[in-house]
Amino acid sequence: MASALLPILASSSAPLADATAADVRLADGEHSTERLTDSHGRILTDLRLSVTDRCNYRCVYCRSGEDGIEYSELPLQEYARMLRVFVSLGIEKIRLTGGEPLLRTGLLDLIRETAQMRPAFTDVPLDIALTTNGHLLAPLAKPLKDAGLSRITVSMDAVDSETFTRITRVPRSFERVRDGIRAAQDAGLGPVKVNCVLLRGFNDGQIEAFAEFSRNEGVIVRFIEFMPLEEDRTWSPDTVIPMREIVARLQAWRPLVALEPNHASETARRYTFEDGIGEIGIIAPVSNPFCGHCSRVRLTADGKLRTCLFSQTDHDLLGQLRGGATDDEMRAWIRRVVLRKEARHHIGEPGFLKPSRSMVHIGG
Ligand code: SAM
């Protein structure tokens, strides 16, 4: 096994928190009686946690290739405590991301501990998902599933080796990611979602090949519109492949059949083909924003709470935790912060300001 994998497989000698597994299920009195809401009436049920800023890829549209890690990582015990507090406020879905989360030592321990937590307002078990570039996934898929991971999303921006290397700037990466996807399907983490950010003149020639990939591999392919969240300044409206263009291209290739959304806050428009084989989702934050249904908050690797991808500021949850706040005090603080969640983003509007951090330093 490659030595690069050893950190994540390594188990920390001490449990993540002082609590035993049984204690992790909060006593009823510790659960909030009111949902976590913002001032626009949206209920927050999804949390994305970045566990590291580091990444082993340098995707041309995401990272400059020169900037390294910018923000520190926290001990996993601190993430676990924050997660517990959020779950007690009604968070039902947790997505672990980064940077590249599979680079993080002890990730399996964090997943194991998170899997013990019970959402406050439903009997449905906590949904624990992971977003990864898939480079280290093949040997980790089964351990991730065994630790309690529910689902996995793999980012993959081309289905041919040459284009893939041009985007990631890491040779022979496509085959590793494809093997990672197959291993995740075999481990019971399927159907795997494969996310592709399309950039005009770069990988927009791959739309039909991705549809074929979905049909052949049994994965859900999701095309995501490129947003102004990069370290460099590559974004312009012309670089975005809008949803209507993707739909037209697929329609010309094979007639599409629209599928119902899975739930009200579903971000993707879903399609299959007339024979029911393959699934395509299109996520269109630029041409069809879905902010009105946003149910997300984010925690950065350095413990800052962000209420929107495009926030101009973040909020120091770690400062609360290290300053000695009790769980109740943290809950009250989170409620106050979340109340001021932004109504929507302003991509493409005059005066649009880039967010205070790029995607890789927020957690995608
Ligand atoms: N390393 C992990 C991965 O590759 O999935 C997690 C972090 S990565 C920043 C998360 C996702 O953000 C990836 O799917 C990536 O394609 C997407 N992403 C990065 N920059 C983006 C941008 N400017 N617009 C839209 N998506 C972006």
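In the model, which is a predicted one, the side chains of Asp-302 and Arg-357 meet in a salt bridge, with N and O 3.1 Å apart, where a salt bridge is defined as a side-chain nitrogen of Lys or Arg within 4 Å of a carboxyl oxygen of Asp or Glu. Asp-302 lies in the loop between strand 10 (296-299) and strand 11 (304-306), and Arg-357 in the loop between helix 11 (327-339) and helix 12 (359-362), so the pair ties together parts that are 55 residues apart in sequence. Helices (H or I, at least four residues) and strands (E, at least two) are DSSP runs, numbered from the N terminus. Asp-302 is buried, at a relative accessible area of 7%, and Arg-357 is likewise buried, at 5%; buried means under 20% relative accessible area, exposed over 50%, and partly exposed in between (1.4 Å probe, protein chains only). Both residues belong to a network of salt bridges that links Asp-302, Lys-304, Arg-306, Asp-314 and Arg-357.

Residues are numbered from 1 along each chain as its sequence is written, and side-chain values use heavy atoms, with hydrogens and water left out. Because the model is predicted, local features need pLDDT of at least 70 and side-chain atom pairs count only at pLDDT 80 or more, whereas totals for chains, interfaces and linings use all residues.

The structure holds 24 salt bridges. Side chains of opposite charge can pair when their charged atoms come close. One of these salt bridges joins Asp-275 and Arg-215, at 2.7 Å from N to O, and this pair links distant parts of the chain, with Asp-275 in the loop between strand 8 and strand 9 and Arg-215 in helix 8, 60 residues apart. Asp-275 is partly exposed at 38% relative accessibility, whereas Arg-215 is buried at 15%. A further salt bridge is formed by Arg-178 with Asp-179, whose closest N and O atoms are 3.4 Å apart; Arg-178 is partly exposed at 22%, as is Asp-179 at 34%.

Helix 8 spans residues 207-217, and its buried residues are Ile-207, Phe-210, Ala-211, Phe-213, Ser-214 and Arg-215. The elements that cover these buried residues include helix 7 (173-186), strand 5 (193-198), strand 6 (220-225), helix 9 (243-253), strand 8 (268-273) and strand 9 (279-283). Helix 8 is followed by Gly-218, which has a positive phi near 70 degrees.

Arg-296 has its place in strand 10. With residues up to four places away in sequence not counted, Arg-296 touches Leu-44, Asp-46, Arg-48, Thr-267, Thr-307 and Lys-341, contact meaning heavy atoms within 4.5 Å. The C-alpha atoms of Arg-296 and Leu-74, 222 residues apart along the chain, are separated by 21 Å.

Around the ligand there are 17 residues, of which Tyr-61, Gly-99, Thr-131, Ser-155 and Met-227 come nearest; a residue is near a molecule if one of its heavy atoms lies within 4 Å of it. The residues of this shell divide into seven nonpolar, eight polar and two charged. An oxygen atom of the ligand is 2.5 Å from an N or O atom in the side chain of Tyr-61, a nitrogen atom of the ligand is 3.0 Å from an N or O atom in the side chain of Glu-100, and an oxygen atom of the ligand is 3.4 Å from a polar backbone atom of Thr-132. Taken alone the ligand exposes 550 Å², and the protein buries 94% of that, areas being computed by the Shrake-Rupley method with a 1.4 Å probe.

Notes. A polar contact is a pair of N or O atoms within 3.5 Å; within protein, one must be able to donate a hydrogen and the other to accept it, and residues adjacent in sequence count only if both atoms are side-chain atoms. Ala, Val, Leu, Ile, Met, Phe, Trp, Tyr, Cys and Pro count as nonpolar, Asp, Glu, Lys and Arg as charged, and the others, Gly among them, as polar.
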